[in-house]
Amino acid sequence: MVSITEADNFFRNHLLKEKYLSFTENERSSALSVAQTDVMTAFDTENIPGEYRQLLISAVAEQAIFLLLNPEYLTGKYDNISSENISGSRRDFQDDPSLLCRRAAMIIGKLKKLLTAEKSDTAEKTPEIVPATITINRG
């Protein structure tokens with residue numbers, strides 16, 4: 001779990017620092033909790049190696065500020081409509097709905113590539129275990 005301290009530190013040099021800090025600690029903490037769920041749902045694993053912790057913090061923090069600034073994604077008012085005519089009789093929907101902000105999605109993509117590469121490296125380095133065979137000659 002990304003702590004509020006880690007997220008606050010991430011925003012120390014961020015362009016949206018003032019906006020982020022304008023929210024109460026409780027609001028920031030709640031957004032981080034939801035953002036953590038959003039980000040971790042994008043992975044096939046729940047174990048992110050410690051060496052990638054900063055990327056994880058970045059993705060969660062970016063998703064948190066996105067949710068704080070766009071509450072319609074939390075309340076369900078986001079309906080994935082890409083266009084609508086004046087009378088409302090025709091609506092076009094986007095094909096690939098995502099509740100992740102673009103920055104978080106970009107970081108998640110990078111982290112997925114790193115994790116995939118790490119898994120393939122580990123698979124290559126792990127020796128195959130072959131069961132021992134014993135030949136028994138009966139006379």
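These legends accompany close-up views of a predicted model.

**View 1. Three aromatic residues gathered in one cluster.** Here we look at Phe-10, Phe-11 and Tyr-20, which together form one aromatic cluster. The structure holds two aromatic pairs. A pair of aromatic rings is described by the distance of the centres and the angle of the planes, and the next two views take the pairs in turn.

**View 2. Phe-10 and Phe-11, an edge-to-face pair.** The ring centres of Phe-10 and Phe-11 are 5.2 Å apart, with 85° between the planes. Planes over 60 degrees apart count as edge-to-face, so that is the label for Phe-10 and Phe-11.

**View 3. Phe-11 and Tyr-20, a stacked pair.** Turn now to the other ring partner of Phe-11: its centre and that of Tyr-20 are separated by 4.0 Å, and the planes meet at 15°, so this pair is stacked. Tyr-20 has a relative accessible area of 0% and is therefore buried.

**View 4. Lys-112 and its contacts with Ala-42 and Phe-43.** Find Lys-112 in helix α6, which covers residues 102–125. Leaving aside residues up to four places away in sequence, Lys-112 touches Ala-42 and Phe-43. Phe-43 and Lys-112 are 69 residues apart along the chain, and their C-alpha atoms are separated by 7.2 Å. Is Lys-112 buried, exposed or partly exposed? With 37% relative accessibility, Lys-112 counts as partly exposed.

Methods:
Residues are numbered from 1 along each chain as its sequence is written. This is a predicted model: local features need pLDDT of at least 70, side-chain atom pairs count only at pLDDT 80 or more; totals for chains, interfaces and linings use all residues. Side-chain values use heavy atoms; hydrogens and water are left out. Rings of Phe, Tyr and Trp (its six-membered ring) pair if their centres lie within 6.5 Å; planes under 30 degrees apart count as stacked, over 60 as edge-to-face and the rest as tilted. Buried means under 20% relative accessible area, exposed over 50%, partly exposed in between (1.4 Å probe, protein chains only). Helices (H or I, at least four residues) and strands (E, at least two) are DSSP runs, numbered from the N terminus. Contact means heavy atoms within 4.5 Å.
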